[in-house]
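These are my notebook entries on a two-chain model. I set down what I looked up, entry by entry.

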Amino acid sequence: MQDDQNSNQISDDKFDSLLREAARSYNEPPAPNVDRMWAAIEQQHFAAVAPRTQWYANSWIRVAAALLLGVGIGRVTLATKPASNPSEQVAVQQPASVDRSSTQADALPALNAPEANKYLGETVALLASLQSDRRSAGNDEQLVSDAAELLSTTRFLLDAPTTSDPNVRGLLEDLELVLAQVVQLPNKRNARDVELIHQAMEQRDVMPRLRTAVANNYSADD
Amino acid sequence: MTHPETSVLILDPAPRRAEKALVARVLEGDRIAARELYDAHVSRVFRLAFRLCGDEAHAAELVQESFIRVFGQLARFRGDSALSTWVHRVTLSVVANARRRDKKHEREIDFDSADPIADDAVRDADPDLKESLHAAITALPEIYRTTFVMHDIEGYTHTEIAAATGVAVGTSKGRLFIARGQLRKMLAPFRKED
């Protein structure tokens, strides 16, 4: 009996050894072309990081962003007030696909509150400026550069293990997609490029969800 | 099993100081320092990405995306862990996100219900142990496959895997145990031939 067990054990060990040996050839990597990959990284990252002059220094964009934020906060505040009259409940509608419970203030625990406000506010302002600009052609390197920075923060948040709320992750994934589209805008963008981004934002309900997140973040500061 | 090419992710204090200095140079805009940082990690990152995706062009894209994220977020790196740990964590996140986006992987085999399907697939697919093993590894759920590939194929320690995947060392060991057990089960028909 003992001999049988030993014999089986040896067989298991031999089998495990064979497995490990065979596993080494699993997706055996070739030598990487490090220079080609580096060239792509340089082009995509370092070229996008240009000296900053804040695009939101433009007073019109600041006004537009503030209005959007105000409207967003107002809509959410209105939506949370209990209606005294049943007919009012019909008039007040939440933005489609918005799960308010999903965008609580601690939804971005990877950032402290001021950082989270800054990130959300800048993202709203950037996307709002893109909406106000949608019909015009332009050459806006700064917008692309700022979008690249916000994209980087978005990916940081997606990578953070503390960003666990699936709905917040969904919003961040949509922002990642939209910001990536902004980053890829050609130097001489045309109205069609911007329209495609705008369509993506509308299909995914990005702005209402983002404004809800902003409103919750601000109310958490109170 | 020995892996002479594997360097440790948890570095001694002296290299950690040199690493912080390198990071500081990169943050000041020193492109040569950025390339140094890249050169220090790219080989292992590429090996891991390729092992996990199995396609050279796709692995190169994953590596590029990983380093773009690393450079983009470098200012947030506080030096609490080794830079290589952080680079690997970013890489695994990029690989996982890419797999989620890839529709081919949307219907991954559920680990708990994998046995009968996988056993048949392995038995019928190919009599060759190596090819069957490769198919079985690919069929493992992501967390087990990553742990198995990192430990048994690429030679990372459980400490390194735990740091890069954000779990406890015990969890990493448990995942490897389960992965090996699953592979043994999937390849049981070959054992009988021994």
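**Entry 1: nonpolar cores**

I looked up the largest nonpolar core and found 51 residues in it, those with the most contacts inside it being Ala49(B), Val63(B), Leu133(B), Ile137(B) and Leu183(B). A nonpolar core is here a set of buried Ala, Val, Leu, Ile, Met, Phe, Trp, Tyr and Cys residues joined through C-beta atoms within 7 Å. A residue is buried if 20 or more other C-beta atoms lie within 10 Å of its own, exposed if 12 or fewer and partly exposed in between, with C-beta atoms placed from the backbone. To this core α2(B) gives the most, with 10 residues. I then noted a second, separate core of 34 residues, which includes Leu111(A), Val168(A), Leu171(A) and Leu210(A).

I followed Leu183(B) and, not counting residues up to four places away in sequence, found that it touches Leu19(A), Leu133(B), Ala136(B) and Ile137(B). Two residues are in contact if their C-beta atoms, placed from the backbone, lie within 7 Å.

**Entry 2: basis of the notes**

I record that the model is predicted: local features need pLDDT of at least 70 and side-chain atom pairs count only at pLDDT 80 or more, while totals for chains, interfaces and linings use all residues. Residues are numbered from 1 along each chain as its sequence is written, and chains are lettered from A and ligands numbered from 1 in the order in which they are written.

**Entry 3: the two chains**

For chain B I noted 10 helices and zero strands; for chain A, nine helices and zero strands. Helices (H or I, at least four residues) and strands (E, at least two) are DSSP runs, numbered from the N terminus. Of the 194 residues in chain B, 38% are buried; of the 222 in chain A, 28% are buried. Among contacts in chain B between residues at least 6 apart in sequence, 63% join residues at least 24 apart. In chain A, residues 24 or more positions apart account for 79% of the contacts with a separation of 6 or more.

**Entry 4: where the chains meet**

I found 35 residues of chain B in contact with 28 residues of chain A. On the chain B side, the elements that give two or more residues are α2 (31–53), α3 (56–72), α4 (83–101), α6 (129–139) and α7.

**Entry 5: helix α7 of chain B**

Helix α7(B) runs over residues 142–153 and reaches 15 Å from its first C-alpha to its last, close to the 16 Å expected at 1.5 Å a residue. The expected span is 1.5 Å times one less than the number of residues. I noted that 10 of its 12 residues are buried, including Tyr144(B), Phe148(B) and Ile153(B). Gly155(B), with a positive phi near 80 degrees, follows α7(B).

**Entry 6: α8 against α9 in chain B**

Helices α8(B) (158–165) and α9(B) (169–186) pack at about 105 degrees, their axes 8 Å apart. Axes are lines fitted to C-alpha atoms, for helices over the stretch in contact, with angles from 0 to 180 degrees between N-to-C directions.

**Entry 7: Ala147(A)**

I located Ala147(A) in helix α6 (141–159) of chain A. Ala147(A) counts as buried because 27 other C-beta atoms lie within 10 Å.
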